[in-house]
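Here is a short briefing on one protein chain. Look over the sequence and the model before reading on.

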Amino acid sequence: MKSQTPITMKDIAKDLGVSIATVSRALKDSPRISAAQRERIQQYAREHNFYPNVIGEALRHSRVMSMKIIGVIVPEFIHYYFASILTGIEEEARARGYRIMVALSDEKYEREVRICDDFYRNKVCGIIVSQAKDTTQYEHFQRLIENGVPLVFYDRICTGVNCSRVVVDDYMGAFTAVKHMIDTGCRRIAFYGAPMNMEISKNRFNGYKDALLKSGLPFDEKLVRLCDNRSAAEAITPEILSQDNHPDAFFAINDDTAIGILYTAKRMGFRIPDDISICGFTNGNRAIACDPMLTTVEQRGKLVGEEAANILIGQVEGELPRNKVEKRIVRTRLVIRGTTR
């Protein structure tokens, strides 16, 4: 069982039978310690909730106070939505005298844990994060909070940790998009979504399902697929559209997936939107670069980033109490273009 009380380097040295100097060097990734020994000590430190007092150490060697730096964790850089959020965070932070330190989790839990540790060691004043797809354990986030680091989630929030967050209205965005397709004559609407361990996936799926049911259309589990990128959409869509009773519309969890559906359907000879309607979720640059241009739900990522930075800086500077959870919702907007009737 992991210790609930932070331990010291002296405790680690005693438990592992090494000197305090060896522990200190291992925690600083010193090449003077073997890779195996470094990993052994660092693993033990993580398991026992140890964080070095980097601020205290810095103040012992310098009169300079810690920098006004915000750590930002991004699941992926190539996605337009995350890029727009990052723009909003950076602009708001810079306007208020802060800088950002950005790290990529690459959708990997272990990498996310290491980034949180690194940010803490580099004494950032707070962290803004969207969790990785495969994150199902949240101790690394909880440790940050317990150690007094302000934490704000954006887009993919962690329901297992009680802290501030900024999200778009995923449910209503999906509901409005699917209702639009129903109102324009679609009756068999497929849903391409992401893993349901993420709140955005649940909310968009529930919006899709409720739009069907409230319009008097049956919900068919056979029309639901786990698919959240273009290559996967191009791989699974041919089989679905080859069926006799194929969908006459698709609602995709993001624009990239929707564009994969679009070009697959066109290659198979379907007319868009006469035969098949398609709607995405993002409204990035790709939505207007395809033919026809994509109907999609606009997420307003820049505003999400601005709100997240605003909350974090407010907590750092005492304008907002750190023990109060701020929950802000950014409204979506349906942008109707050429892929729906």
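**Overall fold**

Of the contacts (heavy atoms within 4.5 Å) in the protein chain with a separation of 6 or more, 73% join residues 24 or more positions apart. This is a predicted model: local features need pLDDT of at least 70, side-chain atom pairs count only at pLDDT 80 or more, and totals for chains, interfaces and linings use all residues. Residues are numbered from 1 along each chain as its sequence is written, and side-chain values use heavy atoms, leaving out hydrogens and water.

- The chain has twelve helices and twelve strands; these are DSSP runs (helices H or I, at least four residues; strands E, at least two), numbered from the N terminus.
- Buried residues make up 51% of the 341 residues; buried means under 20% relative accessible area with a 1.4 Å probe, protein chains only.

**The open sheet**

- Six strands form an open sheet with mixed pairing, in the order S7-S6-S8-S9-S10-S12; two strands pair if DSSP finds at least two bridges between them.
- Strand S7 (224-226) and strand S12 (333-335) are the edge strands, each pairing on one side only.
- Strands S9 (residues 277-282) and S10 (residues 295-298) run parallel, joined by four bridges.
- Cys-279 has Thr-295 in S10 as its bridge partner.
- Helix H11 (residues 255-267) packs on the sheet and touches S6, S8, S9 and S10.

**A buried glutamate**

- Glu-326 sits in the loop between helix H12 (301-316) and strand S11 (327-330).
- Glu-326 counts as buried because its relative accessibility is 14%.
- Beyond its neighbours within four places in sequence, Glu-326 is in contact with Ser-164, Arg-165, Ile-311 and Leu-320.

How values were computed: Buried means under 20% relative accessible area, exposed over 50%, partly exposed in between (1.4 Å probe, protein chains only). Axes are lines fitted to C-alpha atoms, for helices over the stretch in contact, and angles run from 0 to 180 degrees between N-to-C directions.
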